[in-house]
Amino acid sequence: MSSVMGLLEERERAARQRVDALQAELREAEAVWERFVIARETVGEVLVESRGGEDVAPFVVAGERPVQVSQAVPGSVVPHWEEGLAPAVLAPDYQRIMDALACGNGMPGEAMDCRQLAVALGLEPVPAKVEGVRSKAKRLTVRGWPAEQRPRLFSVPVGRGGGS
């Protein structure tokens with residue numbers, strides 16, 4: 001006859017194996033989800049570029065006069081940085097990246113790599129999350145928001161930081 005402790009250990013082992021299997025399934029699902037997010041963003045960029053290079057800015061044009069929108073909506077196009085343009089025109093994910101870069105590692109303007117940036121955004125530093133942050137940081141850099149001092153090392157030039 002099995003002891004009570006033996007039965008408990010057996011059930012504990014079974015529960016641990018189930019938890020491990022579920023965690024592995026969750027990691028796989030997150031990786032798939034992250035690939036779809038990146039694919040959607042890439043398709044959005046391609047569609048914008050197919051309009052003859054016209055960038056769809058996150059502000060309304062009324063009678064040839066741009067009117068600044070107080071907040072961008074998630075999924076909106078990242079505008080090219082211009083003098084006087086605040087991070088508030090960016091979609092929320094991009095605003096968070098600019099805010100994190102503006103604060104740096106405790107020193108304003110200090111450069112951060114994508115892993116540090118992911119952690120500063122409250123994300124786990126797993127490859128899928130870091131790649132999503134890298135993709136967004138690169139998109140911001142191409143449009144003139146942060147600077148890429150060295151490959152995969154981003155910082156915010158003075159005057160372009162957070163505080164959205």
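Start by selecting G132, which touches E34 and I38, leaving aside residues up to four places away in sequence. Keep in mind as you look around that this is a predicted model. Now pick out I38 together with G132: the two are 94 residues apart in sequence, yet their C-alpha atoms sit 6.8 Å apart in space. Is G132 buried or exposed? G132 has a relative accessibility of 6%, so it counts as buried, the cut-off being under 20%.

K129 is buried but has no salt bridge. Which side chain of opposite charge is nearest to K129? That's E34, 4.3 Å away.

Time for the core. Select L90, L101, L117, L140 and W145: within the largest nonpolar core, which has 22 residues, these are the ones with the most contacts. Now colour helix 2, helix 3 (114-120) and helix 4 (127-142), each of which supplies at least two residues of this core. Helix 2 gives the most, with five residues. As a general rule, nonpolar side chains in soluble globular proteins tend to be buried together.

Stay with helix 2 and select residues 92-103. With twelve residues at 1.5 Å a residue, helix 2 should span 16 Å, and its end C-alpha atoms are 17 Å apart, which agrees. Then show the side chains of Y94, Q95, I97, M98, A100, L101 and A102, which are buried.

Switch to a cartoon view and find the open sheet of three strands, which has the order 3-5-4 and antiparallel pairing. Which strands are at the edges? They are strand 3 (112-113) and strand 4 (147-150), each pairing on one side only.

Zoom in on strand 5 (residues 153-155), which runs antiparallel to strand 3 and is joined to it by two bridges. Select D113 to see it standing opposite L153 in strand 5. Over on the strand 4 side, three bridges make the link to strand 5, again antiparallel. Pick A147 there, and you'll find its bridge partner, S155, in strand 5. Finish at the hairpin of strand 4 and strand 5, which has two residues between the strands; in this hairpin, R152 takes a positive phi near 65°.

Notes
Residues are numbered from 1 along each chain as its sequence is written. This is a predicted model: local features need pLDDT of at least 70, side-chain atom pairs count only at pLDDT 80 or more; totals for chains, interfaces and linings use all residues. Side-chain values use heavy atoms; hydrogens and water are left out. Helices (H or I, at least four residues) and strands (E, at least two) are DSSP runs, numbered from the N terminus. The expected span of a helix is 1.5 Å times one less than its number of residues. Buried means under 20% relative accessible area, exposed over 50%, partly exposed in between (1.4 Å probe, protein chains only). Two strands pair if DSSP finds at least two bridges between them. A nonpolar core is a set of buried Ala, Val, Leu, Ile, Met, Phe, Trp, Tyr and Cys residues joined through side-chain atoms within 4.5 Å. Lys and Arg count as positive and Asp and Glu as negative; His and the chain ends are not counted. A salt bridge is a side-chain nitrogen of Lys or Arg within 4 Å of a carboxyl oxygen of Asp or Glu. Contact means heavy atoms within 4.5 Å.
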